[in-house]
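Here's a quick briefing for anyone opening this structure without any background. Have a look at the sequence and the fold, then read on.

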Amino acid sequence: KLQFLYFIGGEGGKQMLKHVIHVALLWATVQGFCATELDCQLNGACTNGQCICDKGWKGEWCHRVNEGISTVVYPKTSDTASWGASIAGEHNGEWHGFFNVVCQQETCAHTKRAMIAHGTSPTPNGRFTFKDVAIPPELENVHAVHDTAASKWLLFYFDHLKPMPPTNCTGGSTDAEVTVTGSNPGRLGVASAPSPDGPWSTAHPVINGPTTNGYGINPSAMRLANGSYLLAYRYNPDTTGNMTEALALAISDHYEGPYSVVNGNLTGGPFGVGGRAGTAEDPFLWATPRGYHILYHQYNGSVGGPACDYDNGRCDFPGAHAYSPDLVTWHRSPYPAYTTTVNMSGTATEYNFRERPGIIFGADGSPQYLVTGVETGLKSGPPCRSVSVASELL
């Protein structure tokens, strides 16, 4: 039909043909037609122009985390709070998790007297029972790795360089909040042990590349097939004293470093996936047979949602996703990976904030649960409440 139109229409037919092709391409885009796996954000196969999503993902472009029922994994009681968790895996018939514990009776920030608690549960999404303090205050944002090849359990974390004894969060402390851009910026820490029960040996790896005052924080790491370690972390690219956030990627032959930066611009420099500057943090790094992925937190919306109303306590579209087929070229999704709505035992619950994403994988490598820290209340001060939740991935 298009050839006949061109034949009988002369120059007018040419213009009409261009118009038809333009409309057809536009229609294909609107309908969600894909050309390669990259169009499916490396979360699915492109089959006959349609994205067929892998487990854990949904949407026309496989851009949204496919969440089911969520449960609180930590804490069990209300005398403390948990702002993010890393479920390390099974050991001796129990699941072991490491939890960012903060004293939230005194402040709604997530740093004051923060420590890494170790807990166990018979299931990966069950309520974990406190077992011990893996590493005492003041540090946070733990990411656990079970390096089976090296028979090591590793904890990557942000060390405030402000040691103090463990606390039971009873209140009354006069300690000042730690600022990562002040005179005590903190730095990357890594602890290693032969089992998740310890004992833990700690080190402070060096990162040769863009950092915050020489340091990288909010780390996530994974062991590559050749034995080297890949590290994603947050840093402040602003040199004028303003607080901004960007993500970088570094690599090392050993988990204790030194690390060399291979990409210092994963999220477009100081800008995240939306319109507000300095909002990329809390990376979670993993690999699939299709490529490499990072889930991270953003303080701004993206296509499909408004910008975060941080000052008034709403961040509806906090989940962001970056992906790469080769660790060299990275793509940032224009869609939110998840929102602040969590299905708690069949009831949709709206939280003010949802941050620090992580994924629990099954024995076959498929994603089983999305772990996040969720919070009610404003960050400007109590009352507030933070817990870590695990959301089933469908």
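What follows is a short tour, from the overall picture down to single residues.

This is a predicted model, where local features need pLDDT of at least 70, side-chain atom pairs count only at pLDDT 80 or more, and totals for chains, interfaces and linings use all residues. Residues are numbered from 1 along each chain as its sequence is written, and side-chain values use heavy atoms, with hydrogens and water left out.

**The big picture**

- The protein has one helix and 27 strands; these are DSSP runs numbered from the N terminus, with helices being H or I runs of at least four residues and strands being E runs of at least two.
- Of the 394 residues, 54% are buried (buried is under 20% relative accessible area, exposed is over 50%, and partly exposed is in between, using a 1.4 Å probe and protein chains only).
- Take the contacts between residues at least 6 apart in sequence: 55% of them join residues at least 24 apart. Contact here means heavy atoms within 4.5 Å.
- The accessible surface comes to about 16,600 Å², and carbon and sulfur atoms account for 54% of that (areas come from the Shrake-Rupley method with a 1.4 Å probe, and for residues only the protein chains shown count as cover).

**The sheet around S7**

- S7 (residues 94–102) has eight of its nine residues buried, so the rest of the structure largely encloses it.
- Eight bridges pair S6 (residues 81–91) with S7 in the antiparallel sense; Ala85 has Phe99 in S7 as its bridge partner, and His91 has Glu94.
- S6 and S7 make a hairpin with two residues between them, and Asn92 in that turn has a positive phi of about 55°.
- On to S8 (residues 115–121): S7 pairs with it over seven antiparallel bridges, and Gly97 has Gly119 in S8 as its bridge partner.

**The sheet around S11**

- Another open sheet has four strands in the order S10-S11-S12-S13, again with antiparallel pairing.
- Here S10 and S13 (201–203) are at the edges, each with a single partner strand, so one side of each is left without a neighbour in the sheet.
- The twist in this sheet averages 20° from one strand to the next.
- S10 and S11 run antiparallel and are joined by seven bridges, with Leu155 in S11 as the bridge partner of Ala144.
- Ala150 belongs to the loop between S10 (139–147) and S11, and this residue is partly exposed, at 38% relative accessible area.
- The C-alpha atoms of Ala150 and Gly227 are 9.0 Å apart, although 77 residues separate the two along the chain.

**The largest nonpolar core**

- This core has 17 residues, and Phe156, Tyr229, Leu231, Tyr233, Tyr255 and Tyr259 touch the most other members. A nonpolar core is a set of buried Ala, Val, Leu, Ile, Met, Phe, Trp, Tyr and Cys residues joined through side-chain atoms within 4.5 Å.
- Leaving aside neighbours within four places in sequence, Tyr255 is in contact with residues including Lys152, Phe156, Pro205 and Tyr229.

Methods:
Two strands pair if DSSP finds at least two bridges between them. Axes are lines fitted to C-alpha atoms, for helices over the stretch in contact, and angles run from 0 to 180 degrees between N-to-C directions.
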